[in-house]
Amino acid sequence: MTHPVAAVRPEERPRRALLVALFLVYLVLLTWVVMWKLDVPWVGGGFRNVKLVPFVSSDGDGASQPLEVAGNLLLFIPFGVYLRLLAPSWSPLSVTALAVGASGTLEGAQFVLAVGRTDTSDVIANTAGAVVGLVAVALAHHGIGAPARRLMTGACTVGTTFALVACAIFVAAPLRYGPPDVACDQSGSCRVGHLAR
């Protein structure tokens, strides 16, 4: 079996280089969104919590919110698309295992760095998103054949560019994701609002 990089034809190299660059940008954005929710990266000061039972309430943790599950699924669709386009010889099981590993690593890092909640629901939803990405590439290839790779590369370019612009707009806007922070003084008086880290 030849290595996926060695099997690239000379005329395919520019498209592959573009895909690699876009995938790296996507991975940076994915890490930023999952770890810090588009906030300025920080370490510590958060809480460490592990939710082992997926989706339902357990041990004081609430049930997974449908929008959060959908968001996690959507975040990982490009993961499956990029890997299928960059490594077409890899089996779907290999790509799925890599998605589980990447998601698990991000969830574990949230615990270690105390920047968020580690949740098995997220790993499941992320992996499902990567599988959706794999299926999307397979359906496109089955439906339109060889032009599917060019079409999917174009979709990746548009999608990643849109994500970059959306992140820039979000960072520039005064709105912030997540529940408000609560600050209490020594007298017991509390105020609600997003606090600067």
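The structure is a predicted model in which local features need pLDDT of at least 70, side-chain atom pairs count only at pLDDT 80 or more, and totals for chains, interfaces and linings use all residues. Residues are numbered from 1 along each chain as its sequence is written, and side-chain values use heavy atoms, with hydrogens and water left out.

The protein has 5 helices and 4 strands, where helices (H or I, at least four residues) and strands (E, at least two) are DSSP runs numbered from the N terminus. Read from the N terminus, the order of elements is α-β-α-α-β-α-α-β-β. Of the 197 residues in the protein, 31% are buried; buried means under 20% relative accessible area, exposed over 50%, and partly exposed in between (1.4 Å probe, protein chains only). Contacts (heavy atoms within 4.5 Å) between residues at least 6 apart in sequence join residues at least 24 apart in 66% of cases.

Helix H3 (residues 92–113) packs against helix H4 (residues 120–144) at an angle of about 145°, and the two axes are 9 Å apart. Axes are lines fitted to C-alpha atoms, for helices over the stretch in contact, and angles run from 0 to 180 degrees between N-to-C directions. The crossing of H3 and H4 is right-handed; a crossing is left-handed if the near helix is turned anticlockwise from the far one by less than a right angle, and right-handed if clockwise. On the H3 side, the contact is made by Pro92, Val95, Thr96, Ala99, Val100, Ser103, Gly104 and Glu107. These residues meet Asp122, Val123, Asn126, Thr127, Ala130, Val131 and Leu134 of H4. The residues of this contact comprise 8 nonpolar, 5 polar and 2 charged, with Ala, Val, Leu, Ile, Met, Phe, Trp, Tyr, Cys and Pro counted as nonpolar, Asp, Glu, Lys and Arg as charged, and the others, Gly among them, as polar.

Threonine 127 lies in helix H4 and is buried, with a relative accessible area of 11%. Apart from neighbours within four places in sequence, threonine 127 is in contact with Thr96, Ala99 and Val100. Valine 131, also in helix H4, is partly exposed at 33% relative accessibility. Valine 131 and valine 95 are separated by 36 residues in sequence, and their C-alpha atoms are 8.2 Å apart.

A search of the whole structure gives 5 aromatic pairs. In one of them, phenylalanine 23 and tyrosine 26 are stacked, at 6.2 Å centre to centre and 15° between the planes. Rings of Phe, Tyr and Trp (its six-membered ring) pair if their centres lie within 6.5 Å; planes under 30 degrees apart count as stacked, over 60 as edge-to-face and the rest as tilted. Phenylalanine 23 and tyrosine 26 are 3 residues apart in helix H1 (residues 13–36), so about one helical turn separates them. Phenylalanine 23 is buried at 11% relative accessible area, and tyrosine 26 is buried at 8%. Ring pairs join Phe23, Tyr26, Phe76, Phe79 and Tyr82 in a cluster.

Elsewhere, the charged end of arginine 48 sits over the ring of phenylalanine 111, 5.8 Å from its centre; this requires NZ of Lys or CZ of Arg within 6 Å of the ring centre and within 35 degrees of the ring normal. Alanine 168 lies in helix H5 (residues 147–172) and is partly exposed, at 46% relative accessibility. Alanine 168 is 130 residues from leucine 38 in sequence and 9.4 Å from leucine 38 in space, C-alpha to C-alpha.
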